[in-house]
Amino acid sequence: IMAIDGSPQGRVGPPATQYSPRVSPDGSRVAVDIEDMASSNLDIWIWDLTRNIRSRLTFDAAVDRTPIWSPDGREVAFYSTRDAGRGIYVRAADGTGEPRLIAPTEERSYPIHWSPDGQLICYILDYGPNSDIWLAHADGRAPPEAFLDSPFGEWDGEFSPDGRWLAYVSNESGRNEVYVRPFPDMDTKWAISTEGGTEPLWSPDGRELFYPPSDEELVATADDTFLELDRRESPD
């Protein structure tokens, strides 16, 4: 685990084939998919950082991967290929109840981020150079909706902490760059990166956006970038 200033905070558990770690909103747990070496299957596990123990969240013989936390830390969304239906599932983080399918998909799809109000889950449909960003209703009571569906690829959607913005990555310029759009109105957008960027991550106060332009470094945008966006969005 690494702090926001880049300093290492220690290792979680023994070495294993693990992917897609996500820290819970309160910082006490980590959800991660772990590969079983005997079957090569992936399941979701949750590490308790206080006690340094892990508990298994999924048990299906299918692949379960890419977990994300609900804002209150009570639920985890993930992608599964299980026979009950391929798509995005949600399950209580304490393992009670059965996983519920909220977004059936035929293509590879991965949940990326949960909206701050807990109502929407941003996920990537058909992950690859032509992927699109969709929104699923966390309660599953309404069908998923296309959010960014274009001839280009869009992925890595990330809501700002106040829910007013969505940062994402697009290859529309010919290379991967980070953009920001107001949410839910999507008529305008701003390019944040200029020399390539992926995997945007908001600071807790929503005034900075971190993204790696390469494998070697992280970049934090200046506060003034988003102060200017606020002024442009203001009716005054």
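I began with Arg-74, which counts as exposed because its relative accessibility is 62%, and the cut-off for exposed is over 50%. I keep in mind throughout that this is a predicted model.

I then looked up where Arg-74 sits, and found it in the loop between strand S5 (64-69) and strand S6 (75-80). Leaving aside neighbours within four places in sequence, I noted that Arg-74 is in contact with Arg-91, Ala-92 and Ala-93. I also checked Ser-24, which is 50 residues from Arg-74 in sequence, while the two C-alpha atoms are 9.3 Å apart in space.

Next I turned to a sheet, which is open and has four strands in the order S13-S14-S15-S16, with antiparallel pairing. Its edge strands are S13 and strand S16 (190-191), each of which pairs on one side only. Inside the sheet I followed S14 and S15, which pair in the antiparallel sense over six bridges, and I found that Ala-167 has Val-180 of S15 as its bridge partner.

Val-180 came up again when I looked up the largest nonpolar core, which has 25 residues, because Val-180 is listed with Ile-133, Leu-135, Phe-147 and Leu-209 as having the most contacts inside it. Several strands each supply at least two residues of this core, among them strand S10 (120-125), strand S11 (132-137) and strand S18 (209-211). S14 gives the most to this core, with five residues.

I looked at Phe-147 separately, and its contacts beyond four places in sequence are Ile-133, Trp-134, Leu-135, Leu-166, Phe-183 and Met-186. Lastly I noted a second, separate core of 13 residues, including Tyr-79, Val-90, Ala-103 and Tyr-110.

Technical notes
Residues numbered from 1 in each chain as written. Predicted model: local features only at pLDDT ≥ 70, side-chain atom pairs only at ≥ 80, totals over all residues. Heavy atoms only, no water. Core = buried A, V, L, I, M, F, W, Y, C linked by side-chain atoms within 4.5 Å. Buried < 20%, exposed > 50% of the residue type's maximum accessible area, 1.4 Å probe, protein only. Contact = heavy atoms within 4.5 Å. Pairing = 2+ DSSP bridges.
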